[in-house]
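The tour below goes from one selection to the next and says what is found at each stop.

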Amino acid sequence: MKSVITLVALAAVLPLAGCNKSPSDKLADRVENAADNRADTMEANADVLRNQAARLDDRADKARDTGESRSDAIQAADMNVAGMSQERRDAIVANEAAAVR
């Protein structure tokens, strides 16, 4: 029981100890808190960038898969590429035109 009373008394006194900080201590605390806030912001930004990078990686994978599928379709269709205009070939390469009809 005495230990509980001691803990309660100690818990009541500890917050008061913070009130007697020197100006240097207060400034040091403000500097540390500001640095923590900046670091938290940086970490949040890094999380956003990691998520964006993951989505971009997924898009890159899909672009490769699409290119491979289109390439396979062109080869399977044995297209008359010589009969196509250069503009048509360029549009197919740029994924602006259907590779196979």
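Colour the protein chain by secondary structure, and from the N terminus on its elements run α-α-α, a total of three helices and zero strands; helices (H or I, at least four residues) and strands (E, at least two) are DSSP runs, numbered from the N terminus. This is a predicted model, in which local features need pLDDT of at least 70 and side-chain atom pairs count only at pLDDT 80 or more, while totals for chains, interfaces and linings use all residues. Residues are numbered from 1 along each chain as its sequence is written, and side-chain values use heavy atoms, with hydrogens and water left out.

Next, show the surface of the whole chain. Its accessible surface comes to about 8,600 Å², of which 57% belongs to carbon and sulfur atoms; such areas come from the Shrake-Rupley method with a 1.4 Å probe, and for residues only the protein chains shown count as cover. Of the 101 residues in the protein chain, 6% are buried, where buried means under 20% relative accessible area, exposed over 50%, and partly exposed in between (1.4 Å probe, protein chains only).

Now select Lys21 and Asp29, whose side chains meet in a salt bridge (2.2 Å, N to O), a term that stands for a side-chain nitrogen of Lys or Arg within 4 Å of a carboxyl oxygen of Asp or Glu. Lys21 counts as partly exposed because its relative accessibility is 35%, and Asp29 also counts as partly exposed, at 27%. Asp47 is partly exposed at 40% relative accessibility, whereas Arg50, with a relative accessible area of 51%, is exposed.

Continue along helix H2 (residues 23–77) to Asp57. Together with Asp58, Asp61, Asp65, Glu68 and Asp72, Asp57 forms a negative surface patch; patches are made of residues with over 30% relative accessible area and no salt bridge, with like charges joined within 9 Å and nonpolar side chains (Val, Leu, Ile, Met, Phe, Trp, Tyr) within 5 Å.

Then select Arg70, which also lies in helix H2. Is Arg70 buried or exposed? Arg70 is buried yet has no salt bridge, and the nearest side chain of opposite charge, Glu96, is 9.6 Å away. The side chain of Arg70 does make a polar contact with the side chain of Asn95, at 3.1 Å; a polar contact is a pair of N or O atoms within 3.5 Å, where within protein one must be able to donate a hydrogen and the other to accept it, and residues adjacent in sequence count only if both atoms are side-chain atoms.

Keep Asn95 selected, in the segment after H3, and look at its backbone: phi is near 65°, a positive value in a residue other than glycine. For the last stop, go to Asp78 in the loop between H2 and helix H3 (86–93). Asp78 has a positive phi of about 45° although it is not a glycine, and at 65% relative accessibility Asp78 counts as exposed.

Technical notes: Lys and Arg count as positive and Asp and Glu as negative; His and the chain ends are not counted. The place of a charge is taken as NZ of Lys, CZ of Arg, CG of Asp or CD of Glu.
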